[in-house]
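Please walk through this structure with me.

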Amino acid sequence: MSNTRFSTYLCFSFACCFCCSKAMPTKLNQEAVNDRPVIGILTQIVTDDVLKPFGRTFIPSSYVKFIESGGGRVMPIRLTLNTAEYKKIFENINGLLFIGGAADLETSDFARVAKIFYSLALKANNEGDFFPIWGTCMGMQLLTVLVAGENLLANTTAENIALPLNLTTEASSSRMFEGFPNKLMRALTQEPLTGNFHHYGLTLETFQENEKLRSFFSLLSTNVAENEVHFVSTIEGKRYPFYGVQWHPEVNRFQWNRKLNFPHSAHAVQLSSLLAEFFVNEGRRSLHQFDNPEEEASSLIYNNTPVYAGNFTGYEQLYFF
Ligand SMILES: *[C@@H]1O[C@H](CO)[C@@H](O)[C@H](O)[C@H]1NC(C)=O
Ligand SMILES: *[C@@H]1O[C@H](CO)[C@@H](O)[C@H](O)[C@H]1NC(C)=O
Ligand SMILES: *[C@@H]1O[C@H](CO)[C@@H](O)[C@H](O)[C@H]1NC(C)=O
C-alpha cells in the first residue's frame, strides 16, 4: 500500500514537472520572477455617515481578498503622505489596484495620490521596470482621466445589474483573457457574469473620438447603459500593463448582500478567480521589494482587522484606517 502511494507520488511529481516545463514559455523562464508580490491599494475617503464612526478612510475587504486569492498580498496606502514617501512605497510594491468608490477624480486626495503613482508607473515601464495597474469601476474611470488628462466621464448608469460582456474582436487577442477556456469566453458573452454598480462611465463614442485614449488602450468590451448609451466596460493598455474594468470582478466571490445583483454562478466565480490570478501574475513580473522583511511585515494589511459591515452596508467587511 505505502509502496503504491510512493510510486503514485513519484509519478505525479514527474508529470507535474513535465507539464510545467512544457507550458512555460521560454521567455518567462529567462525572466526573473517575484513569487512574493505585494499589491498596493489606496484607501478611500469615508463620505457615508454610517461609516464615519469607524475611521477617516477605508478599503472594502472584497478587494483585498481578490488580490489574496490570486496569490498576492496587499499593502494599504494612506492618502496623507508626501511625494517622497509615495516614491519610496512605489519601490517596495509590485502593482497597484485602484478600487471602486466615490471620489472626485481630479481634485480629491485620492486623485492626487493616484496621479503620483500613475506617473511613477509610466516612467518605470518606459525604463523596462515592469509595473502593473488594475482599475475597477471608479478605478477604471480614474485611469481614463489620467490617460486623457481630463475628465471625460458621462452618465452611463448601470446600477445594480449583472450583464454579459459585448466583447470586441480585440478581446480574443488580449492579455487579460489569454488564458481563458473557450467555454468561459462564450459564457462571458451570454451569461450575466459582470456586476455593474455605476452612474458614470466612458461612452464608446468618447473613447473612439479621443486620440489619447484610443491610442493608449485596446477596447475589449462594451455594454449598454440604462439611457441606452454604449459604454466602455473593459480596456487594457496596448504598451503598458494597465487594465480597467467598469464592472466588479471581486463581488462574484466576496460580496453577498441579497439586495445587490452579485453574480455567484460557477462561471462568475471562475471569471473572478482567473482575473485575480492574471493580475497577481503581472505583479510577479515586478522585482520591487521592501528594504527588509520587518519593513515588509509592518506595511502589509495583515496588521489591520476588518470590521463586520454586512448589517449596515452592502459590503461584508471593511478595513478602516
Ligand atoms: C456590441 O458592440 C458593437 C460595437 O462594438 C455594436 O455595434 C453592437 O450593437 C453591440 N451589441 C450589443 C448587444 O450591445
Ligand atoms: C442618468 O441617466 C439615467 C437614465 O436615463 C437617469 O435616470 C439619471 O437621472 C441620470 N443621472 C444623472 C446623474 O444625470
Ligand atoms: C452590526 O453588528 C454588530 C455585531 O456584529 C453590532 O455590534 C452592530 O451594532 C450592528 N450594527 C447595526 C447598525 O445594526
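Asp49 forms a salt bridge with Lys52, with the closest N and O atoms 3.2 Å apart. The term salt bridge stands for a side-chain nitrogen of Lys or Arg within 4 Å of a carboxyl oxygen of Asp or Glu. Asp49 is exposed, at 57% relative accessible area, while Lys52 is partly exposed, at 47%. Here buried means under 20% relative accessible area, exposed over 50%, and partly exposed in between (1.4 Å probe, protein chains only).

This is a predicted model: local features need pLDDT of at least 70, side-chain atom pairs count only at pLDDT 80 or more, and totals for chains, interfaces and linings use all residues. Residues are numbered from 1 along each chain as its sequence is written, chains are lettered from A and ligands numbered from 1 in the order in which they are written, and side-chain values use heavy atoms, leaving out hydrogens and water.

The structure holds eleven salt bridges. One of them pairs Lys88 with Asp291, the closest N and O atoms being 3.5 Å apart. Lys88 sits in helix H4 (residues 83-92) and Asp291 in the loop between H11 and helix H12 (293-299), so this pair ties together parts that are 203 residues apart in sequence. Helices (H or I, at least four residues) and strands (E, at least two) are DSSP runs, numbered from the N terminus. Lys88 is partly exposed at 35%; Asp291 is exposed at 57%. Another salt bridge joins the side chains of Glu127 and Lys123, at 3.5 Å from N to O. Glu127 is exposed, with 57% relative accessibility. Salt bridges with shared partners also link Arg36, Arg73 and Glu296 into one network.

Val50 lies in the loop between strand S2 (44-45) and strand S3 (57-60). Val50 is partly exposed, at 40% relative accessibility.

What about the interior? Cys137 is in the loop between strand S6 (133-136) and helix H6 (138-148). Its relative accessibility is 5%, so Cys137 counts as buried. The C-alpha atoms of Cys137 and Gly244 are separated by 7.7 Å, although the two residues are 107 apart along the chain.

Last, a helix pair. The axes of helix H7 (residues 182-190) and helix H11 (residues 266-284) come within 10 Å and cross at roughly 110°. Axes are lines fitted to C-alpha atoms, for helices over the stretch in contact, and angles run from 0 to 180 degrees between N-to-C directions. H7 and H11 are therefore roughly perpendicular to each other, a label for angles of 65 to 115 degrees.

Definitions and conventions
Parallel < 35°, antiparallel > 145°, perpendicular 65-115°, else oblique.
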